[in-house]
Every structure is written in C-alpha cells, then in structure tokens.
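Hi,

Here is the structure I said I would pass on. Have a look at it first, and my notes follow below.

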Amino acid sequence: MKQDSLYDLAPWSRHYTSGGTGKLAPPESQNLPQMLVAASKAFAAQSAFTCVTPNGMYGTLTYAQVDQMSDDFAVYLREVIGLKAGARVAVQTPNCLSTPVAIFGILKAGCVLVNTNPLYTEREMKHQFNDAGVEALVLIDMFADKMATIARETNVKHVVLCSVSSFFPPVVRQIIKGIQKYWNKVIPTTNLAHLTINDALAKGALARNDLRIDVSQYWKRLAQNDLALLQYTGGTTGVSKGAMLTHGNLLWNIEQILAIGRDKIDMGRETVLTALPIYHIFAFTANLLTFYRCGARNLLIPSPRPIQNLQRAFENYKVTWISGVNTLFNALLNEEWFVAFPPKHLKAAIGGGAAMHSAVVKRWEAVTGAPLAEGYGLTESSPAVCFQPLSGLRKTDSIGIPAHETAVRLVDDNGEPVAQGEPGEIIVRGPQVMLGYWNQAEESAKTIRDGWLYTGDIAVMDSDFMFKIVDRKKDLIIVSGFNVYPNEVEDAIAKHDKVMEAAVIGVPDAKTGEAVRAYVVKRDDSLTEAELAAHCRTLLTGYKLPAKIIFRDELPKTPIGKILRKDLRKEALAATQAPAA
Amino acid sequence: MLTELETKLLGVMMMLIMFGMGASLTFRDFLIAFKKPKGVLIGLLCQYGIMPFLGYALAVILGLPPALAVGLILMGCMPGGTTSNIFTYFSKGVLALSIMMTSVSTLVAVVAVPALLELYSNLAGVSGAFKIPAENVAQVLVVLLVPTVLGMLLRKWNANIGAVVELMGGFLGVVVILFLIGSWVPRNYQLLLSTPWPVYFAAIGLGVIGMLLGYWLARLLRQDNNRSRTISLETGIQNGPLAVLIVTLTFTGTMQQEVLLIPVLYSLFIVITSSLVTYFYRGRSEREALARDQAKIGTMIGASPAAA
C-alpha cells in the first residue's frame with residue numbers, strides 16, 4: 001500500500017533530538033522491582049519522596065528507607081497475610097508517603113497492583129475490586145467508612161489504612177492528624193477491620209527477620225511479559241475495565257519518556273513536583289516510576305486544590321520538573337505568588353491528560369522560561385504514545401511525534417491508512433501497548449487488532465509530519481484528563497424514578513477542557529435540577545457529575561430510537577458560538 | 001494593675017508570639033506584597049486609617065476622660081493582632097492575606113503608631129501625664145521585630161519546625177489574653193462593676209465597628225467576599241497584648257490601672273465577638289464555596305481530599 005509506507009517510513013524521525021533514529025536500547029531491567037532496587041542502591045542516601053502539605057509541613061523518605069519499607073510490605077503481603085504471586089492488591093490513596101511504599105511493596109511481592117481513585121463512590125469501588133479480584137487494599141483513612149459499607153460485598157480480606165501524615169516526624173504527624181480529625185473532620189471513625197500501615201510494616205519486618213527472607217526471591221523470575229498493573233479505564237468503549245500493563249510495558253515507557261527528556265535530566269539531581277494523582281497512569285509512569293529511576297526527589301502533593309496548596313512546595317524546594325494538565329498549569333499562571341516568583345530552576349514541564357491550550361503553553365513558557373511539552377497517550381499504552389520534542393520545531397497546538405520505538409498510523413474506518421493532512425484514527429504499535437483488558441476478551445479483541453491499538457482518537461499529520469488531535473471517535477468526554485463515559489452518567493441519571501430518559505454529552509469548557517452536560521426528559525414534573533444533582537452525587541465521582549442539567553420534552557433520536565448525541569452536541573456548540581443577544 | 005513579674009511575663013510572651021508570627025512568613029511573601037501591593041495597601045488603610053480614627057471618634061463622642069481616651073486611642077492605633085490569623089483560618093478566609101496584613105502592619109507600626117498616637121492624642125486634647133511618649137512605643141515595636149525576624153529565619157531553616165512554632169505562637173496569643181483576663185479581672189471586678197456603659201460600649205464597639213467598616217471598605221475597593229471578610233477580621237482584631245505591654249511600660253500605679261481598663265476590656269471582648277463573627281463568616285464561606293462547586297464541578301484533576 002502506498003500510504004501504508006508513508007507512516008511506516010516514520011517521516012517524523014528528523015525531529016528526534018538524539019540522532020534521529022527513533023531507536024532505543026531495551027530496558028536494562030527484566031521487571032520493575034529490579035529497576036527499583038537498582039535505583040534504591042544507587043541513590044540510597046538521597047531523598048526519594050517528600051510529601052508537602054499546604055502549610056509547608058513535610059515528611060521525607062530516602063531511597064534506602066523506601067527500599068527497606070517496601071521490602072517489609074512485600075513480606076507482609078506474602079508471608080503475613082499469605083498472598084500468592086499474581087494476587088491483586090489495590091492502592092487507594094491520594095499522593096502521600098505511603099503511596100510509593102505500598103506500590104513498590106506490591107510489585108516486589110510479585111503481586112499485581114490495582115490503582116484506585118480515592119474519590120470513587122462505593123458503587124465504583126465495589127465494581128473495580130470485584131472485577132479485579134482484589135484480595136488486599138491499602139486505603140487512605142479518610143475513606144475507611146466507604147469501604148466499611150461494601151467490604152462484605154467484595155473479596156477484599158485485608159485492609160491496610162494509611163494517613164496523609166504517615167511517616168512524618170512525630171510532632172508534625174500528631175498536629176496534622178489532630179487538625180484532620182477534630183477540625184476538618186475528614187477522618188471517620190470506622191468499624192472496618194484493618195491494620196495501620198505502620199503495623200503492617202512492623203509485622204513484615206518481623207517476619208523478614210524470623211524467616212530470613214530474601215525479598216528478591218519474590219520478583220527475581222518476573223519477566224517483562226508478566227502482569228504488573230491493572231489500570232482501570234473506560235477504555236474506548238465505556239464499561240470500566242482493567243488495562244493489563246506488564247512490567248515490560250512500563251519499563252519501556254519509562255525509557256521512552258527518558259529518551260525525550262534525557263538532555264534535561266541529571267541523574268540523582270532532579271526535583272520533580274507531583275501534583276497529579278499517582279493513581280492516574282500519567283503521574284504513575286511519568287512521575288513515580290521515571291523519576292525514581294533517575295534518582296530524583298519527588299515532591300508529593302496530597303491535594304492540589306486549591307492551587308495555593310502548591311505554594312510552599314515551590315518556595316521550599318528547587319523544583320526542576322513538573323507534570324500537569326492544562327487546568328493545573330492554567331491555575332498556577334493565575335496565582336500572584338507563582339507569576340511573581342516562577343520556579344527559577346525549572347527545566348521543563350510535561351503536559352498531558354487532556355489537550356493543552358496553546359495560549360496556556362505560550363504563557364507558561366514566557367513566565368517560567370522553560371518548555372512545556374505536551375504528550376499524548378492513553379491508559380492502554382502505559383501511557384505515552386506521542387510527545388513534543390523539547391527542542392527543535394515547537395508547535396503548541398500539536399501532540400508532536402510518536403515516542404521512540406513506536407509505530408503510529410492514521411487510518412479510516414476500514415483500517416486503511418489515510419493521506420497526509422487527512423484525518424484518521426490513531427492506531428499504535430509499540431512495546432508500551434497493553435496485553436489487553438482483564439477478563440474482557442471481546443473488548444480486547446476490538447481494541448487491539450493485528451497488534452495495533454485502536455485509540456478512537458482522530459488526528460491529522462501536518463506538513464512537518466507532526467500530529468494534531470482533531471476529534472474523538474467515540475463520545476467519550478474528558479474532564480480535566482479524566483475519562484467520563486456518557487453511558488455511565490446516563491445510567492446513573494436514569495436510575496432516578498422521576499427520569500424518563502437522558503442523554504449526556506461533553507461541551508467545551510474553558511476550565512476543564514470539557515464539561516459534562518445532561519439533557520433529561522422528566523417522567524414526573526416535580527423533578528428539580530437540585531434533586532437530580534443530589535441523586536447523581538450518590539452514584540458518581542465528582543468529575544463525572546453533570547455540570548449542567550437541561551430539561552427537555554424530548555431527545556433527538558434515530559429512526560430505531562437511538563439517542564443522537566451528536567445532534568445535541570451540534571446544538572450546544574451552535575449556542576455557544578452564537579453572538580450574545 | 002499588673003505586678004512587675006506579670007509585666008515581664010507579658011513581655012516574654014509577646015516575644016514568643018512575634019516569634020511565631022515571624023515563623024508564618026517567608027521573605028518571599030514580603031517581596032510579593034511589594035510587587036502586588038493592592039491587598040496589603042487596603043489592609044493598611046483599614047488598619048491605620050479606620051481604627052485610630054474610630055478610637056478617637058468613640059473617645060470624643062462618648063466623652064471619655066483622658067485616661068480612658070488614651071487607652072482607647074492606643075488600642076485603635078495598634079497593629080493587627082496575631083490571633084486574627086487563627087480566626088481567619090477558622091473562618092475559611094484568605095490566610096495568606098491575613099498573615100501578610102498582620103506582619104506588614106506590625107512592620108509599619110514602628111513609624112505609624114507613634115505618629116498616629118501623637119496626632120489623635122493631641123486632637124483629643126490628651127496632654128501631660130497621660131500622654132504616651134512616642135519613643136517608648138517605637139522602642140517596644142523595634143524590640144519586637146527581633147523575634148519576628150528570628151522566626152522568619154527559623155521558617156527558612158526548617159519548614160516543619162517553622163510551621164509548628166507558627167501554630168504555637170497563634171495559640172499563645174489566645175493564651176495571653178486568657179492570662180490577662182485571669183489575672184486582671186478577679187482583682188478588679190469592683191472596678192468592672194462600677195465601670196459605666198460608655199466604656200463597655202467603646203471597648204466592644206472598637207472591634208465590632210472596625211470589623212464592619214473594614215468589610216465595607218474592602219467591598220467598596222472591589223475585594224471579593226472572602227478577602228473582604230479576611231480584611232474585616234484583620235481590621236477589627238488589634239494587638240491587645242501589645243497595647244497592654246506598652247501601657248504597663250509607660251504608666252505605674254493607679255494611672256496604669258485606669259489607662260489599662262480599655263485595652264483589657266477590648267482584649268476580653270474581642271475574643272468573644274470575633275469568635276461569633278468567625279462562626280458567621282465560616283457559614284457564609286461554606287455556602288459560597290458550595291455554590292461555586294455547583295457552578296464548576298470537577299475543575300481540577302485529582303481533586304483529592306484536603307490534607308491539613
């Protein structure tokens with residue numbers, strides 16, 4: 001095929017900074033624990049993670065401490081509670097010191113990590129835990145009450161609770177706990193059977209000494225093709241399912257990210273700010289794994305909202321790298337303290353999660369003097385697929401070029417490559433592409449065909465052979481980087497007795513990229529917007545909630561009765577573009 | 001009156017409070033305040049425009065005798081109290097603005113307080129023995145800058161210790177007021193019983209009217225609701241212990257007792273009134289935050305729950 005060869009010749013290669021080949025040496029490690037242990041040894045005495053609270057209080061763990069504590073946690077999982085290799089263990093925390101300890105411990109135990117959003121509702125938690133077959137859970141104490149209500153409906157037999165202040169210096173820890181418990185009242189009392197993370201580590205350490213366990217025996221034989229992570233996503237079709245990412249997927253993606261940033265990364269000398277949640281694949285791979293491998297100090301921000309929570313972190317540490325989404329960068333640029341004193345030592349920023357606005361990118365680069373490179377990726381690809389080179393040709397409205405060792409084509413509905421400048425669905429092949437979806441053979445087969453991952457995103461390749469996203473194939477709504485599936489929101493709305501039917505679409509939003517809008521036909525005239533919004537809040541996480549609910553007498557439909565979301569979208573767009581009367 | 005030991009203790013506590021206040025600050029905060037001075041300027045206007053005049057006006061309108069007038073005017077001229085930061089925190093106001101206003105007004109106090117005190121004392125016709133020498137005031141304020149700067153250095157050296165000292169300094173502010181009440185009220189209850197209502201009105205009114213005027217001036221100058229509430233608390237809450245310290249260092253005997261009456265009463269009642277106002281403001285803040293959330297749900301990725 002003529003056009004086939006266009007993409008397969010990788011005409012974008014000239015934009016690669018390092019030699020222009022797009023080739024990469026394979027990862028040195030066979031599995032993630034091997035990489036983690038190597039970094040822990042190389043940078044043992046250095047600070048690995050520093051959790052920074054809004055008032056500047058902090059707790060720090062060194063590489064050696066993280067190594068030892070995650071070893072203890074691995075022994076706890078394997079010996080104390082008797083999990084087998086391959087058992088699924090969920091981590092449901094905001095960014096805090098317990099997060100890396102738990103995650104690395106799970107991987108070292110040869111278990112499979114299940115990243116879970118702490119803001120999930122009980123219903124969402126239950127679905128995810130049962131689907132993944134989670135046996136043990138590391139949970140933030142603030143949400144122990146949610147777990148208590150569903151614990152019996154899951155197979156989770158062991159719960160380990162941690163706090164934002166876990167592993168902080170004692171006085172500071174007590175103050176933070178006191179404020180959380182008695183002033184903010186965010187720590188519920190619960191009858192959920194659990195162990196604290198400190199107790200779990202103590203038990204693990206005890207067993208390690210008693211049984212003289214060499215933790216490396218748990219992971220020595222793990223190969224690149226072995227499963228490391230179930231990262232839940234609606235995928236491109238809607239039902240929440242676990243993308244199966246292997247040790248190799250993640251190790252390769254680390255190298256691919258490093259290939260982009262290497263010129264601006266000094267091993268053992270960087271400080272990266274992690275304001276995005278680690279349970280999201282972007283921060284998981286880009287911040288947690290990649291920068292651990294580089295011996296960086298990782299600043300963990302438990303909550304980036306309000307954005308002022310980042311002020312002390314920027315003031316007290318020489319931040320050299322930061323990752324974020326459009327919303328985060330935009331919010332920082334609207335802060336007096338940030339604009340007055342932009343981070344002097346910043347080398348680069350990585351944007352992703354959702355489309356960056358070129359106005360924000362330009363302003364960021366003007367204020368900080370460091371490049372903001374946009375990346376494109378998805379959960380199914382660990383996530384990085386495309387990136388903007390940090391030097392050379394800069395295009396702020398583009399997603400740049402494919403990562404090293406990554407083949408990308410744009411294809412039409414028949415899977416045939418489209419011509420340059422023509423829109424087509426992005427399909428991807430590379431070492432970072434997942435095995436498939438957990439227990440979803442059919443969905444997997446739909447998404448990965450002949451080794452190509454069908455992303456559902458439509459892009460064009462411009463005259464410089466750079467890519468630009470133009471539309472999404474499916475009706476997926478992306479709110480600040482989080483996927484929202486109209487089906488799920490519609491289902492939740494429809495559960496209300498007074499609702500006849502509902503259609504949900506995404507509308508452009510200056511703050512979140514897209515906002516969820518619901519069109520609802522009432523069954524009972526007494527239904528109010530507030531009543532329906534309250535109902536949705538019991539079923540859906542914040543970002544999935546409709547920002548606006550519009551009542552209608554009827555919804556546009558196809559002859560066979562399928563609701564036409566695209567007509568509603570067109571109408572909503574026309575309304576925003578129409579000049580104000 | 002306070003015993004010499006109590007006066008010394010008060011001095012030490014003031015030092016610790018200012019140490020705590022310093023620990024809440026970074027040098028960068030000041031630089032930002034100078035680069036973007038609007039909020040702080042409005043704060044200063046409220047602090048040194050409204051309050052001293054209010055003290056003077058109340059003294060004249062209520063026809064207070066010189067001893068009480070000088071106490072009231074002194075109270076009005078004081079910089080912002082460090083306890084305002086705690087109340088701002090609890091009312092969910094703009095903590096950074098409150099801290100900034102307290103510290104800038106404390107810095108400016110070295111010049112502003114002696115000058116304003118002189119001006120309004122003369123206007124009110126206070127003279128002779130009841131006049132507080134400007135040098136005394138300036139001296140006390142300069143001395144208090146030392147622990148403030150030490151606090152800032154501590155913060156820079158270790159953010160954890162700085163944050164803990166900041167918290168303790170704030171609570172110490174409340175403790176000092178309780179200490180004043182505890183040691184002063186029992187010994188002077190007769191005086192309290194015989195004190196006429198205009199004195200109570202002046203002591204309570206200074207804080208309450210100051211908060212009201214501060215709020216509306218801030219609104220007038222187009223500050224949003226939350227900032228206006230912060231400025232309001234900051235304006236109304238004066239550094240009571242500082243006034244008590246200055247009085248005890250300047251006067252002795254019965255004279256001290258008379259002048260001290262209004263600063264002590266003010267300190268006593270401001271804890272009560274600002275607690276009530278804080279409770280009210282907190283409710284308003286929460287309602288507004290809720291309405292905002294409703295308008296833009298899920299604006300930020302990773303809206304993870306607030307830490308401390």
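A:Gly375 stands opposite A:Phe387 in strand 15 of chain A. Keep in mind that this is a predicted model. The strands involved are strand 14 (residues 372-377) and strand 15 (residues 384-387) of chain A, which run antiparallel and are joined by 3 bridges. Both belong to an open sheet of 9 strands in chain A, with the order 2-1-11-10-12-13-14-15-16 and mixed pairing. Strand 2 (58-62) and strand 16 (401-402) of chain A are at the edges of that sheet; each has a single partner strand, so one side of each is left without a neighbour in the sheet.

Strand 25 and strand 26 of chain A are joined by a hairpin through 3 residues. The two strands run antiparallel, with 10 bridges between strand 25 (residues 499-509) and strand 26. Strand 26 covers residues 513-522 of chain A, and A:Lys522 sits in it. Which residue is the bridge partner of A:Val499 in strand 26 of chain A? That partner is A:Lys522.

Beyond its neighbours within four places in sequence, A:Lys522 is in contact with A:Lys498, A:Val499, A:Met500, A:Leu527 and A:Phe551. A:Lys522 counts as partly exposed because 17 other C-beta atoms lie within 10 Å, a number between the cut-offs of 12 or fewer for exposed and 20 or more for buried. As for A:Phe104, 418 residues separate A:Lys522 from that residue in sequence, and the C-alpha to C-alpha distance is 49 Å.

On the domains: the assignment for chain A gives domain 1 (63-222) and domain 2 (477-577). Their centres, taken over C-alpha atoms, are 36 Å apart. Even so, there is some contact, with 6 residues of domain 1 of chain A touching 4 residues of domain 2 of chain A. On the domain 1 side, those residues come out as 2 nonpolar, 2 polar and 2 charged.

Last, the two chains. How many residues of chain B are in contact with chain A? There are 24, and they meet 48 residues of chain A. On the chain B side, the elements that give two or more residues are helix 2 (27-35) and helix 8 (159-184). Helix 8 of chain B gives the most, with 6 residues. By class, the side of chain B that touches chain A has 13 nonpolar, 7 polar and 4 charged residues.

Cheers

Terms used
Residues numbered from 1 in each chain as written. Chains lettered and ligands numbered in written order. Predicted model: local features only at pLDDT ≥ 70, side-chain atom pairs only at ≥ 80, totals over all residues. Helix = DSSP H or I, 4+ residues; strand = E, 2+ residues; numbered from the N terminus. Contact = placed C-beta atoms within 7 Å. Pairing = 2+ DSSP bridges. Domains from an automatic or database assignment. Nonpolar A, V, L, I, M, F, W, Y, C, P; charged D, E, K, R; others polar.
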